[in-house]
Amino acid sequence: MLLWRLQSGLGLEFAGKKKRKNQISTVAIISITSLDHPGVEMFHSLTEAQLRQRVDNQYGIFIAESPKVINVALNAGYEPVAMLCEDRHITGDARDIIERCGDMPVYTGRRDLLARITGYTLTRGVLCAMRRRETPTVADVCRGASRVVVVDNVVEATNVGSIFRSAAALGIDAVLLTSNSCDPLNRRAVRVSMGSVFLVPWTWLEAPVQSLGEFGFKTVAMALTDKSVSIDDPVLVNEPRLAIVMGTEGDGLPAATIAATDYVARIPMSHHVDSLNVAAASAVAFWELRKR
């Protein structure tokens with residue numbers, strides 16, 4: 001293990017084990033030659049479930065990929081645990097992040113070694129393990145919100161990440177997920193969202209959708225039924241507080257959930273196309289139903 005000093009404009013300078021005067025940060029740079037190196041398992045071999053159950057933090061950890069996403073997480077107040085990157089990124093793409101994070105282990109290795117990690121080649125060569133935080137309550141995330149989305153049994157991480165990205169871009173105030181949906185801090189969901197999972201408040205919705213009425217929301221199910229209205233119906237956009245309910249990739253929303261909502265809306269289709277992918281449909285719904 002080597003300890004290095006990072007100073008603006010000076011590159012890396014070996015600092016030994018004792019901090020020197022005017023030192024900005026001391027970082028443990030650990031060069032690895034095997035993915036079996038102790039400490040690297042969180043990036044390589046632990047499953048998403050195992051990451052969530054890490055005993056070193058009661059809420060578990062997650063992996064953020066790429067400098068841009070890592071910086072979004074840091075700006076949102078998430079605490080870094082460790083970093084993994086190629087040697088060349090220590091004074092390159094990872095430099096600013098290391099300077100921000102201070103004391104934490106930074107594991108480095110050759111690109112051909114790190115490329116064995118699934119999905120590594122998509123990350124611009126920088127991974128950061130970060131601590132999860134306590135999940136807020138439904139009341140917390142709904143407080144002051146006028147537009148929220150309920151994600152019901154959406155299990156594909158790519159779709160969940162895309163929904164969050166659209167939610168952040170198109171003015172959705174919060175995301176509520178049923179317990180059978182993909183975890184927003186799943187590694188792929190974080191990557192696809194480009195860090196939007198750190199920008200939009202979210203939590204798990206354990207109660208039925210009609211419970212949102214307690215917070216003053218009307219609910220609208222996005223579904224194809226005989227009773228559905230067009231998504232551009234003025235009554236929808238004029239609702240002061242609206243929860244948009246999106247269903248699973250294949251079967252859509254359960255009949256019981258649809259029956260429990262205040263409205264059912266559809267996106268008009270052309271060329272005999274029956275529906276859109278849930279991620280695409282959510283973007284259309286968010287734009288059309290945004291608070292004017």
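Helix axes here are lines fitted to C-alpha atoms over the stretch in contact, and angles run from 0 to 180 degrees between N-to-C directions. Helices (H or I, at least four residues) and strands (E, at least two) are DSSP runs, numbered from the N terminus. The model is predicted: local features need pLDDT of at least 70, side-chain atom pairs count only at pLDDT 80 or more, and totals for chains, interfaces and linings use all residues. Residues are numbered from 1 along each chain as its sequence is written, and side-chain values use heavy atoms, with hydrogens and water left out.

**Helix 7 and helix 11**

- Helix 7 (residues 157-169) packs on helix 11 (residues 278-288) at an angle of about 15°, and their axes are 9 Å apart.
- That angle makes the two helices roughly parallel; the term covers angles under 35 degrees, while those over 145 count as roughly antiparallel, 65 to 115 as roughly perpendicular and the rest as oblique.
- The crossing of helix 7 and helix 11 is right-handed, meaning that the near helix is turned clockwise from the far one by less than a right angle.
- Helix 7 makes the contact (heavy atoms within 4.5 Å) through Asn159, Ser162, Ile163, Ser166 and Ala167. Helix 11 contributes Val278, Ala279, Ser282, Ala283 and Phe286.
- Six of these contact residues are nonpolar, four are polar and none is charged. Ala, Val, Leu, Ile, Met, Phe, Trp, Tyr, Cys and Pro count as nonpolar, Asp, Glu, Lys and Arg as charged, and the others, Gly among them, as polar.

**Strand pairing and burial**

- Strand 11 (218-222) is mostly covered, with four of its five residues buried. Buried means under 20% relative accessible area, exposed over 50%, and partly exposed in between (1.4 Å probe, protein chains only).
- Strand 11 pairs in the parallel sense with strand 13 (residues 242-246) over four bridges. Pairing requires that DSSP finds at least two bridges between the strands.
- Strand 11 also pairs in the parallel sense with strand 14 (residues 263-266), over three bridges.
- Ala221 has a bridge partner in each: Val245 in strand 13 and Val264 in strand 14.
- Strand 9 (residues 174-177) is covered on both faces. Ala174 and Leu176 are buried on one side, Val175 and Leu177 on the other.
- Strand 8 (residues 147-151) pairs with strand 9 in the parallel sense over four bridges. Val149 stands opposite Val175.

- Phe215 sits in the loop between strand 10 (202-204) and strand 11. Phe215 is partly exposed because its relative accessibility is 26%.
- Beyond its neighbours within four places in sequence, Phe215 touches Val138, Ala139, Cys142 and Arg241.
- Phe215 and Arg143 are 72 residues apart along the chain, yet their C-alpha atoms are separated by 8.0 Å.
- Thr225 lies in the loop between strand 11 and strand 12 (229-230). Thr225 has 28% relative accessibility, so it counts as partly exposed.
- Thr225 and Arg266 are 41 residues apart in sequence and 8.1 Å apart C-alpha to C-alpha.

**Positive phi**

- Most residues other than glycine have a negative phi.
- Met194 is not a glycine, but has a positive phi of about 55°. Met194 is in the loop between helix 8 (187-193) and strand 10, and is partly exposed at 28% relative accessibility.
- His271, also not a glycine, has a positive phi of about 55°. His271 occupies the loop between strand 14 and helix 11 and is exposed at 76% relative accessibility.
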